[in-house]
Amino acid sequence: MPRSIESYRVTPQIRSQATEVERLLSADEPIERAAELFLAAVRVYTVGIGTSTNAAKTAASMLRAAGLDAT
């Protein structure tokens, strides 16, 4: 019998991504400062284990598309 999508631990994280992006874009957090740090970096490393490896690879790809040297 196939597993229900709800039985996977990653399902809630995937479903929360849109809300989290909305929160980040409207937050009073120092996002501009984070951007300044990225732009000043010589190289950016993203790291993950297991499922997080996919997220780290995606983040590195997005940072490279933005012009950074990211691995």
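Is Arg43 buried, partly exposed or exposed? At 43% relative accessibility, Arg43 is partly exposed (buried is under 20% relative accessible area, exposed is over 50%, and partly exposed lies in between, with a 1.4 Å probe and protein chains only). This is a predicted model, where local features need pLDDT of at least 70, side-chain atom pairs count only at pLDDT 80 or more, and totals for chains, interfaces and linings use all residues. Residues are numbered from 1 along each chain as its sequence is written, and side-chain values use heavy atoms, leaving out hydrogens and water.

**Overall shape**
- You'll find three helices and zero strands here (DSSP runs numbered from the N terminus: helices are H or I with at least four residues, strands are E with at least two).

**Salt bridges**
- The structure has four salt bridges (a side-chain nitrogen of Lys or Arg within 4 Å of a carboxyl oxygen of Asp or Glu).
- One of them pairs Asp69 with Arg43, with the closest N and O atoms 3.0 Å apart.
- That pair ties together distant parts of the chain, 26 residues apart: Asp69 sits in the segment after helix 3 (51–65), and Arg43 in the loop between helix 2 and helix 3.
- Asp69 is partly exposed, at 36% relative accessibility.
- Glu36 and Arg33 form another, at 3.4 Å between the closest N and O atoms; both lie in helix 2 (residues 31–40), three residues apart, or about one turn.
- Arg15 meets Glu6 at 2.6 Å, N to O, and Arg15 is exposed at 53%.
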